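Subject: Structure for your review

Dear colleague,

Please find the structure below, handed over for your use.

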Amino acid sequence: MLLKGNKPQYNNELIDYQTGIYMADLNPFVFQMLKKDAIGGIDKIVESSGKRKHDLLKMFEDDIPKELFFTEPTTSRKAFEAELLKLSQTYIETFPDIEAELLISDIDEFSQAELYVERLWINYQRPTEFLPLHLHTGLLSFVVWTQVPYSFDDQLGMQAYSASKDRVGKFEFVFSNSLGAIRTLDLPVDKSFEGRICVFPAKMYHQVYPFYQSDDFRITVSGNIRVRKK
Ligand SMILES: [Fe+2]
């Protein structure tokens with residue numbers, strides 16, 4: 001075990017043993033702090049609206065000051081990071097195979113290993129914007145749905161002639177099965193996801209589809225958790 005203590009219990013846990021995807025409610029008190037930080041950053045993001053592109057990953061890669069598009073939690077940071085480490089402990093206990101990933105690092109003994117939050121950022125997503133297929137670095141990654149300005153019903157009927165019409169607004173994982181066939185797992189993200197956190201292997205590919213029915217921001221908080229020697 002990387003962290004000592006009793007395994008915390010989280011509300012509305014959802015565990016997919018095939019993919020290693022874990023979802024639960026974030027501590028409501030921490031979530032409210034995080035949401036306040038996220039809403040507080042909107043004005044700065046609105047100022048940069050003329051420089052936005054539909055492809056958020058492209059914006060991230062281009063040589064544009066990151067603070068125009070992404071902000072970081074401030075007052076909620078300490079409490080949020082503590083929650084993330086507790087959740088990561090639960091994750092590792094839930095999926096023991098993830099410990100094998102630690103052997104790839106320079107750490108010989110699990111008892112010498114320590115988890116830490118490498119970085120985290122707040123994503124502000126406008127209607128029509130999307131995040132194409134990508135993966136992260138580190139051991140685990142996470143996403144917290146902070147503000148989702150539509151319900152699932154709102155999205156039905158939009159993009160009627162698009163091949164991706166049944167994926168509007170969704171968060172999708174892409175992976176291969178034991179035969180090498182490509183498989184997907186879609187999370188039907190809408191307002192009901194606010195306050196939920198998903199923890200997943202950092203190297204699992206994922207993408208985020210655009211939404212169309214609201215002019216408001218979809219706000220998520222993402223980041224990576226790594227391991228280091230104590
Ligand atoms: Fe991502």
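Cys198 touches Ile21, Tyr22, Met23, Phe142, Val143 and Leu187, leaving aside residues up to four places away in sequence; contact here requires C-beta atoms, placed from the backbone, within 7 Å. Please note that this is a predicted model, in which local features need pLDDT of at least 70, side-chain atom pairs count only at pLDDT 80 or more, and totals for chains, interfaces and linings use all residues. Residues are numbered from 1 along each chain as its sequence is written.

Cys198 is also among the residues that touch the most other members of the largest nonpolar core, which has 48 residues. Such a core is a set of buried Ala, Val, Leu, Ile, Met, Phe, Trp, Tyr and Cys residues joined through C-beta atoms within 7 Å, where buried means that 20 or more other C-beta atoms lie within 10 Å of a residue's own. Among the elements that each supply at least two residues of this core are α1 (28-40), β2 (21-25) and β9 (196-201). Helices (H or I, at least four residues) and strands (E, at least two) are DSSP runs, numbered from the N terminus.

Strands β2 and β9 pair in the antiparallel sense over 4 bridges; pairing requires at least two bridges found by DSSP. In this pair, Asp25 stands opposite Arg196 in β9. Strand β2 also forms a hairpin with β1, with 4 residues between them, and Gly20 in the turn has a positive phi of about 80°.

Yours sincerely

Note on methods. A residue is buried if 20 or more other C-beta atoms lie within 10 Å of its own, exposed if 12 or fewer, and partly exposed in between; C-beta atoms are placed from the backbone. Two residues are in contact if their C-beta atoms, placed from the backbone, lie within 7 Å.
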